[in-house]
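The sequence and the structure are shown below.

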Amino acid sequence: MINSSKINFCSIFNMSIVVISLICSEAFQIQQDKEPLRGHLTRVTIQNDNDYLLGIHCKSRDDDLGFHILAKGELFGWKFHVNFRYSTLYFCGFSQGQINKGVFEIYRANRDFYRCANCTWKAENDGLHGYTDIPKRGDLFYSWLK
């Protein structure tokens, strides 16, 4: 013969687990809607090492960082959290007066997440050189179109 108080306890215990799980799931969904899960903080800096004024316009799917003009030695930068899916992408258009120098992916999470947390780009005569967190000569990532 099965003890009815034991069955009652097991039923109440199982129902409690289900209710707690639903409450936690709902609370997590509400929190996620307010602030999506984020990765580590990343900083991007672009420096103009050319003798001419360099126009830069950077965007992501969600943010337009505006148009900026950099003289030689000047910097433009921003910081952000990489999204949970590691699909964060920022791209920038570069120009010299009316001359289009190109549009390039400045931060692509699946390329840059482990490459740099402080991603530095230097605009030089031949194009954009990308630097990692380890100081050294930057690699030429993108050549100018003109």
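A residue is called buried at under 20% relative accessible area, exposed at over 50% and partly exposed in between, with a 1.4 Å probe and protein chains only. By that rule, 32% of the 146 residues of the chain count as buried. The model is predicted: local features need pLDDT of at least 70 and side-chain atom pairs count only at pLDDT 80 or more, while totals for chains, interfaces and linings use all residues. Residues are numbered from 1 along each chain as its sequence is written, and side-chain values use heavy atoms, with hydrogens and water left out.

**Fold and strand pairing**

Helices (H or I, at least four residues) and strands (E, at least two) are DSSP runs, numbered from the N terminus. The chain has two helices and nine strands. Their order along the sequence is α-β-β-β-β-β-β-α-β-β-β.

Two strands are taken as paired if DSSP finds at least two bridges between them. Strands β2 and β5 run antiparallel and are joined by six bridges. Gly55 has Ser95 in β5 as its bridge partner. β5 is also joined to strand β6 (residues 99–108), by eight bridges and again antiparallel. Here the bridge partner of Cys92 is Phe104 in β6. β5 and β6 form a hairpin with two residues between them, and Gly97 in the turn has a positive phi of about 65°.

**Aromatic contacts**

Rings of Phe, Tyr and Trp (its six-membered ring) pair if their centres lie within 6.5 Å; planes under 30 degrees apart count as stacked, over 60 as edge-to-face and the rest as tilted. The count by this rule is 13 aromatic pairs. One of them is the tilted pair of Trp78 and Tyr90, at 5.4 Å centre to centre with 50° between the planes. Trp78 lies in strand β4 (residues 75–83) and Tyr90 in strand β5 (residues 89–96), so that the pair links distant parts of the chain, 12 residues apart. Trp78 and Tyr90 are both buried.

Trp121 and Phe141 make an edge-to-face pair, with 4.9 Å between centres and 75° between planes. This pair ties together parts that are 20 residues apart in sequence, because Trp121 is in strand β7 (residues 118–124) and Phe141 in strand β9 (residues 139–143). Ring pairs link Trp121 and Phe141 into a cluster with Phe94, Phe104, Tyr142 and Trp144.

A charge sits over a ring if NZ of Lys or CZ of Arg is within 6 Å of the ring centre and within 35 degrees of the ring normal. The charged end of Lys122 is placed in this way over the ring of Tyr131, 5.0 Å from its centre.

**Salt bridges**

A salt bridge is a side-chain nitrogen of Lys or Arg within 4 Å of a carboxyl oxygen of Asp or Glu.

| Side chains | N to O distance |
|---|---|
| Lys72 and Asp51 | 3.0 Å |
| Asp62 and Arg61 | 3.6 Å |
| Asp112 and Arg115 | 2.7 Å |

Lys72 is exposed because its relative accessible area is 52%; Asp51 counts as exposed at 69%. Asp62 is exposed at 60%, and Arg61 at 72%. By contrast, Asp112 and Arg115 are buried. Arg111 joins Asp112 and Arg115 in a network of salt bridges.

**A nonpolar surface patch**

Patches are made of residues with over 30% relative accessible area and no salt bridge; like charges are joined within 9 Å, and nonpolar side chains (Val, Leu, Ile, Met, Phe, Trp, Tyr) within 5 Å. Accessible areas come from the Shrake-Rupley method with a 1.4 Å probe, and for residues only the protein chains shown count as cover. Leu53, Phe67 and Ile69 form a nonpolar patch on the surface, with about 320 Å² of accessible area together. Leu53 is in the loop between β1 (38–48) and β2 (54–60). Its relative accessibility is 52%, so Leu53 counts as exposed.
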